Amino acid sequence: MRISYNKLWNLLNDNKMKKSDLARAAQLSEYMLARLSHNEPVGLDTMQKICKVFHCNIGDVMDMIEEEKDTED
């Protein structure tokens with residue numbers, strides 16, 4: 001499975017926010033922003049901070065995407 005934070009970036013756009021605005025509002029480090037930007041896993045505490053900023057649930061900011069398995073016939 002892979003992680004997608006596309007919903008988060010859409011929320012930023014809808015709220016006319018930049019990543020730096022989110023970092024300030026959620027008290028996120030540059031390292032955490034980089035991880036989010038690369039669709040890498042972050043801790044639940046980070047997700048809670050983001051959800052608090054947007055008054056939403058974790059499913060509103062990220063998706064878990066199941067990757068297709070290669071099958072050999």
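Biologist: Is Asp21 buried, partly exposed or exposed?

Modeller: Bear in mind that this is a predicted model. Buried means under 20% relative accessible area and exposed means over 50%. Asp21 has a relative accessible area of 26%, so Asp21 is partly exposed.

Biologist: Which side chain meets that of Asp21 in a salt bridge?

Modeller: Side chains of opposite charge can pair when their charged atoms come close. Here the partner of Asp21 is Arg24, at 3.0 Å from N to O. Both residues lie in helix 2, 3 residues apart, about one turn of the helix. Arg24 counts as exposed because its relative accessibility is 58%.

Biologist: How many salt bridges does a search of the whole structure find?

Modeller: The search finds 3. One of them joins the side chains of Asp63 and Lys7, also at 3.0 Å, N to O. This pair links distant parts of the chain, with Asp63 in strand 2 and Lys7 in helix 1, 56 residues apart. Arg35 also forms a salt bridge, with Glu40, where the closest N and O atoms are 3.2 Å apart.

Biologist: At what angle do helix 2 and helix 4 pack?

Modeller: An angle of 65 to 115 degrees counts as roughly perpendicular. Helix 2 and helix 4 pack at about 105°, with their axes 9 Å apart, so helix 2 is roughly perpendicular to helix 4. Leu22, Ala25 and Ala26 in helix 2 meet Lys49, Ile50, Val53 and Phe54 in helix 4. By class, this contact has 6 nonpolar, no polar and 1 charged residues.

How values were computed. Residues numbered from 1 in each chain as written. Predicted model: local features only at pLDDT ≥ 70, side-chain atom pairs only at ≥ 80, totals over all residues. Heavy atoms only, no water. Axes fitted to C-alpha atoms, helices over the stretch in contact; angles between N-to-C directions. Helix = DSSP H or I, 4+ residues; strand = E, 2+ residues; numbered from the N terminus. Parallel < 35°, antiparallel > 145°, perpendicular 65-115°, else oblique. Contact = heavy atoms within 4.5 Å. Nonpolar A, V, L, I, M, F, W, Y, C, P; charged D, E, K, R; others polar. Salt bridge = Lys/Arg side-chain N within 4 Å of Asp/Glu carboxyl O. Buried < 20%, exposed > 50% of the residue type's maximum accessible area, 1.4 Å probe, protein only.
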